[in-house]
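Me: I have a model on my screen and would like to learn how to read it. Could you walk me through it, feature by feature?

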Amino acid sequence: MQPWIRYVICGVAGLALGAGAAVQRVRTGAFGASTAIGPWTTGKDFGTAGASAYTRAVVSLRGILALPAHEARYYNAAVDSAGQPLDGKCRYRVTGKAIPAKWWSLTLYDHPGYLVANQANIFSVASAHVPNPASWTVLVAPAEQAGLWLPTGRIDRFELTLRTYLPDDGGAGNLTRDQLPSIVKEGC
Amino acid sequence: MRAWLMPLVLGFLLAVAGYVTAMMQFPQVLMGFATSRISKAAGYNTLFASPMATDKARAIVRPSPDLAYSSCPFDLVNGPVLVDVEPVPAPYWSLSVFDARTDVAFVRNNLDANNQPIRIAIAQDGQPVPDGMQAVRVSGKTGIALLRILVQDRAQFAAIDAARKKSNCKPLS
C-alpha cells in the first residue's frame, strides 16, 4: 500500500470519528446538564458568551432561544426522585413548595423537546393556577386526575421542565433540592 | 506496523479537530435552521405572531405553552433592523435578541421598561443606527428577535393577540 493511502484512510477516519463523537455527545446530552440537583438538571450560562461549547451545543438542540439566568432559569427532569426514567404509562406525584421567582411553570415534553398530544390539551401547569403556592401538588399521569393534572399521553419517555421567571436572586444561584419539587412514582 | 504510526497520529489529531469543529459549529447550524424555519411563516425582518404552542408546534424545540411568541427572524445584510414593541395587557412580557451563535445580545422585560414601549435597532458593528435609537450590536448577519408574552388564561389570548400585533419589526431602509 502506498504511504499516502494510509494517511488518507487515517485522516478521513479520524475526522469522521471526531465529528461523530461530538454529534453523539450532544444528542445524548440533557438540557442544562451542567448541574444535577436530585432529579433536576440545570445550568446558569444559557445564552451567554461564557457558555461552554458543549452547553451551547446542547441548548441549541434541546432548548434553543433559552433566556439568560437573570431573566429565567430552566430545570429539567428526565428521571424521578428515585433516579428512574419518567415513563408516560405511569403516575407521578410532583410536590413542591414556594418557588422564589415572579412566576413559574411546569411543562411536559417528549425527549426531542416537543409538547405531547393529549385529549385534554393540557401541556403545563403555571404558578397562577396553583391554589397554594407554598405547598402544591401536580399529578402527572396518562389518565385524568382530580386537582392539577399534567397528561403524559402514554408516551414511553417524557421530561419535565420547570421554568422560573425573574428569579428572586437574579438567577445567581440554583434552587436547592428542598426548593425544587420532588417527583415520586405512584404506580404504572 | 511502523508504517501506520504517523498516519494514526494524523488520524488522532484530525479526530480532535473534527470533534472541536463540530461542537463549535453545532449552535450556528441549528440556529440557522431555526431562523430559516421561522422565516417561512412571514419572511425575514418582519414580526410574526405565532399561535399558542400545542403538540403540533415544530418550529422550535421546547416551546412554552404559557407564552405567546412573536418572532422576527432578521437579516442585516442590507442594514439595521428596527424592532418596536408596544406594551401588552399581560403580567409579563419581554423582548430578547439572539445572534447567529445563540448568544443573547439583548433582553428587556415589561418591569425593566416600566410597561413602556421598547424600541431598538439591531445592527452589526459599523452599521449606523438612527439617533435616539438603542443599538443592539450582534455578531453575524442573522438571528431572531423574540417577544414573549405570558398568557395566564387562554380566555385572555384574544386581547393579548390584538395588542401584540401593534408591535413591529422592519428594515431601516
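Me: How many bridges join β4(B) to strand β5 of chain B?

Reply: Two strands count as paired if DSSP finds at least two bridges between them. Here β4(B) and β5 (residues 104-109) of chain B are joined by five bridges and run antiparallel. Within that pairing, B:Leu95 stands opposite B:Arg108 of β5(B). The two strands form a hairpin with five residues between them, and B:Thr102 in the turn has a positive phi of about 80°. As for the names, helices (H or I, at least four residues) and strands (E, at least two) are DSSP runs, numbered from the N terminus.

Me: Before we go on, what should I know about the model and its numbering?

Reply: This is a predicted model, in which local features need pLDDT of at least 70 and side-chain atom pairs count only at pLDDT 80 or more, while totals for chains, interfaces and linings use all residues. Residues are numbered from 1 along each chain as its sequence is written, and chains are lettered from A and ligands numbered from 1 in the order in which they are written.

Me: Which strand is joined to β4(B) by six bridges?

Reply: That is β8 (residues 142-150) of chain B, and β4(B) and β8(B) run antiparallel.

Me: Is β4(B) mostly covered or uncovered?

Reply: A residue is called buried if 20 or more other C-beta atoms lie within 10 Å of its own, exposed if 12 or fewer, and partly exposed in between, with C-beta atoms placed from the backbone. By that count, β4(B) (residues 93-98) is mostly covered, as six of its six residues are buried. On one side these are B:Trp93, B:Leu95 and B:Val97, and on the other B:Ser94, B:Ser96 and B:Phe98.

Me: Let's look at chain A. In what order do the strands of its six-stranded sheet come?

Reply: The order is β1-β2-β3-β9-β5-β6, an open sheet with antiparallel pairing. β1 (35-37) and β6 of chain A are at the edges with a single partner strand each, so one side of each has no neighbour in the sheet. From one strand to the next, the twist averages 20°.

Me: Can you take me across part of that sheet?

Reply: Gladly! Three bridges link β1(A) to β2 (residues 40-42) of chain A, in antiparallel fashion, and A:Ala36 has A:Thr41 as its bridge partner in β2(A). Another three bridges join β2(A) to β3(A), again antiparallel, where A:Thr41 stands opposite A:Asn76. Then six bridges connect β3(A) with β9(A), also antiparallel, and the partner of A:Asn76 in β9(A) is A:Thr161.

Me: Why is β3(A) described as largely enclosed?

Reply: Six of the six residues of β3(A) (residues 72-77) are buried, so the rest of the structure largely encloses this strand. A:Ala72, A:Tyr74 and A:Asn76 point one way and A:Arg73, A:Tyr75 and A:Ala77 the other.

Me: Now the helices. How do I read a packed pair?

Reply: Two packed helices are described by the angle between their axes and the distance between the axes. Axes are lines fitted to C-alpha atoms, for helices over the stretch in contact, and angles run from 0 to 180 degrees between N-to-C directions. Helix α2 (residues 53-62) of chain A packs on helix α1 (residues 5-42) of chain B at about 25°, with the axes 8 Å apart. α1(A) and α1(B) also pack, at an angle of about 35° and with axes 7 Å apart.

Me: What is the handedness of each crossing?

Reply: A crossing is left-handed if the near helix is turned anticlockwise from the far one by less than a right angle, and right-handed if clockwise. The crossing of α2(A) and α1(B) is left-handed, and that of α1(A) and α1(B) is right-handed.

Me: How much of α2(A) is buried, and what does it pack against?

Reply: Eight of the 10 residues of α2(A) are buried, so the helix is largely enclosed by the rest of the structure. Among them are A:Val58, A:Val59 and A:Leu61. The buried residues pack against α1 of chain A together with α1 of chain B; contact requires C-beta atoms, placed from the backbone, within 7 Å.

Conventions: Two residues are in contact if their C-beta atoms, placed from the backbone, lie within 7 Å.
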